[in-house]
Amino acid sequence: MGASSLGEPATLLVTCGSALYILRVTEASFSVPPSAPASVERAKRELRRQLGDSKLLEAEEAVARYARDESEAEAEPPDVVVLAESREDILTTLAIAERFRVPVTPRAGGTGRTGGAVPVARGIVLSVSGMNQIREIDAREGLAVVGPGVVLADLQRAVEAEGWFYPPDPNSLQTCQLGGNVAENAGGPRAFKYGVTRDYVLGMEAFLMGGQALSVGRRTRKGVTGYDVTALLVGSEGTLAVLGDVTLRLIPKPASVMTLLISFASLTAAAGLVEAATAARLVPRCFELLDRNTLAAMRAEGNPIDPRAEALLLVEVDGEPAACERDAERLAALADDLGALTVEVAQGEAPRERLWAARRAMSPAVRKMAKHKLSEDVVVPRQAMGELLSRVARVSEETQIRTVTYGHAGDGNLHVNFLWDHEEERPKVERSIERLFQAVVELRGTLSGEHGIGVLKAPYLPLEQSPQLIQLQRELKRVFDPQGLLNPGKIFPRVGHGAC
Ligand SMILES: Cc1cc2nc3c(=O)[nH]c(=O)nc-3n(C[C@H](O)[C@H](O)[C@H](O)COP(=O)(O)OP(=O)(O)OC[C@H]3O[C@@H](n4cnc5c(N)ncnc54)[C@H](O)[C@@H]3O)c2cc1C
């Protein structure tokens, strides 16, 4: 594992029944032994023979680009990258990889936040980006069949041109791809009203290590035949199967959308609007919250944000035009009652985009605040969001690690970002993350709302899940991938605690 994996040993306290176990997670816990060089060479020779040179990257500079994603995780470059263009290319790669016992890391857009596409055991990175055909949009049934390398924004544009709508919208939509979205069960701002990727996946083609193809799921809206293997594969982070064409359910495109940008003098008041709106049975399609540190970063970049504001909420409603206007008015009135400083309302593409610009400016602005940024995407029940935000502030005060927090407040899904500049601050960052996760579990939340566990959160899984549940999942993985060659080093903690 490369230098920017978790540096210092971390200590985790894990409860199991009435017992308390202490897990010591070291650098070695993450390392997965690479294959023997001779096996890799034989596999490469066979890949060249069966796929041809044009579908392989082997040069140092070329493979180096596949050693990381959009997280802090980084690995040695893979031995070879396969640029798959078809299902046959995937099948060939998986057959050769199993024959020579070489690990395979599937990769789509490479925008993951937890190191899921990072090849921690080197071997083969299997890129599906070339499988970027929208095969079918069935406007009568309301479904689409798409290759795993289709960029999400391209799919959204294509279905909207036909009057349909595919709601999942991770903010990386211009570069992330459907294979990665399904493997991570991606969410996004619109999840509050429309749910996440899982709610739209009807079926898929899945490829197992060794080179076996399975048709999983269905094209119909209903279906309860056998186990729900589709649901198991959605969110499996590339550890069970490589996903090919995916069949997606579409819904009618909403007739009209209105956006509100509301500023508040306190985070509590902003969180109060989310509470008040849900109590009033209003279901906006999104509730994006930005805290004071995020606003400070944006102001530093020249974004004109009311100097009195300590929190911003971006709220969006959709539906029939009259219903939209009524909901927007009710939200504005609730915001007024809570002492909102400003309420801006926009309808129509260009004015709405102007309000969204504030939200989109946030990520690059925060990036510039420090040399390193680690973004957690925890979820707590909505009512516990205020408590979580105070705990984050306390942790930051204690450890002196700066935080900025924003996220999908309607879902209680907050992106807590830890920022630091110097390598020696790492142990304090680890301590902050642990404290955050402990608070989340105490508040009956979950460690990840949408980014998955990947490599970075693997050591913390026992904080949330029992040893028995983790063991059951390990056994499921063995059924799909007996030799543990598909995306090794992901999801499961590699600690020899043997507790419970
Ligand atoms: C600026 C920014 C904003 C983001 N906002 C959001 C957000 O709002 N909501 C959200 O959910 N996420 C968000 N993300 C995280 C990320 O974009 C999502 O997790 C996305 O779904 C990853 O897709 P990808 O194509 O980049 O996948 P990759 O990063 O390439 O891979 C992600 C995982 O999927 C596996 N995988 C990829 N393709 C396949 C396949 N064909 N078969 C099997 N496994 C496969 C990989 O092995 C890896 O484990 C954001 C990221 C960035 C950089």
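**Salt bridges, helix pairs and a surface patch**

Let's start with one residue. E58 has 30% relative accessibility, so it counts as partly exposed. Here are the cut-offs: buried means under 20% relative accessible area, exposed means over 50%, and partly exposed lies in between, using a 1.4 Å probe and protein chains only.

A word on what you see above. This is a predicted model, where local features need pLDDT of at least 70 and side-chain atom pairs count only at pLDDT 80 or more, while totals for chains, interfaces and linings use all residues. Residues are numbered from 1 along each chain as its sequence is written, and side-chain values use heavy atoms, leaving out hydrogens and water.

Back to E58. What does E58 form with K44? A salt bridge, with the closest N and O atoms 3.7 Å apart. The pair ties together distant parts of the chain: K44 sits in helix α1, E58 in the loop between β3 (56-57) and α2 (60-64), and they are 14 residues apart. The term salt bridge means a side-chain nitrogen of Lys or Arg within 4 Å of a carboxyl oxygen of Asp or Glu. Helices (H or I, at least four residues) and strands (E, at least two) are DSSP runs, numbered from the N terminus. Is K44 buried or exposed? K44 counts as buried, because its relative accessibility is 11%.

Next pair. R122 and D79 join their side chains in a salt bridge, 3.4 Å from N to O. Again, distant parts of the chain are linked: R122 is in the loop between β5 (104-107) and β6 (124-127), D79 is in the loop between α2 and β4 (80-83), and 43 residues separate the two. R122 has a relative accessible area of 29%, so it is partly exposed. D79 is at 17%, so it is buried.

Third pair. R190 bridges to D169, with 3.6 Å between the closest N and O atoms. These two are 21 residues apart, R190 in the loop between α5 (178-184) and α6 (191-194), D169 in the loop between β9 (164-165) and α5. Both R190 and D169 are buried.

How many salt bridges does the whole structure hold? The search finds 33. Some link up: K193, R285, E316, D318 and R352 make a network of salt bridges.

Now helix pairs. Two packed helices are described by the angle between their axes and the distance between the axes. Axes are lines fitted to C-alpha atoms, for helices over the stretch in contact, and angles run from 0 to 180 degrees between N-to-C directions.

Take helix α1 (residues 37-51) and helix α3 (residues 87-99). Their axes come within 10 Å and cross at roughly 155 degrees. That makes α1 roughly antiparallel to α3. The cut-offs: under 35 degrees is roughly parallel, over 145 roughly antiparallel, 65 to 115 roughly perpendicular, and the rest oblique. The crossing of α1 and α3 is right-handed. A crossing is right-handed if the near helix is turned clockwise from the far one by less than a right angle, and left-handed if anticlockwise.

On to backbone angles. Most residues other than glycine have a negative phi. R101 is at 53% relative accessibility, so it counts as exposed. R444 has a positive phi as well, about 65 degrees. R444 lies in the loop between α13 and α14 (461-464). At 74%, R444 therefore counts as exposed.

Last stop, the surface. L232, L469, L472 and L476 make a nonpolar patch of about 300 Å². Patches are made of residues with over 30% relative accessible area and no salt bridge; like charges are joined within 9 Å, nonpolar side chains (Val, Leu, Ile, Met, Phe, Trp, Tyr) within 5 Å. Accessible areas come from the Shrake-Rupley method with a 1.4 Å probe; for residues, only the protein chains shown count as cover. Helix α15 (residues 467-480) gives the largest share, three residues. L232 is in helix α7 (residues 229-233). L232 is at 31%, so it is partly exposed.
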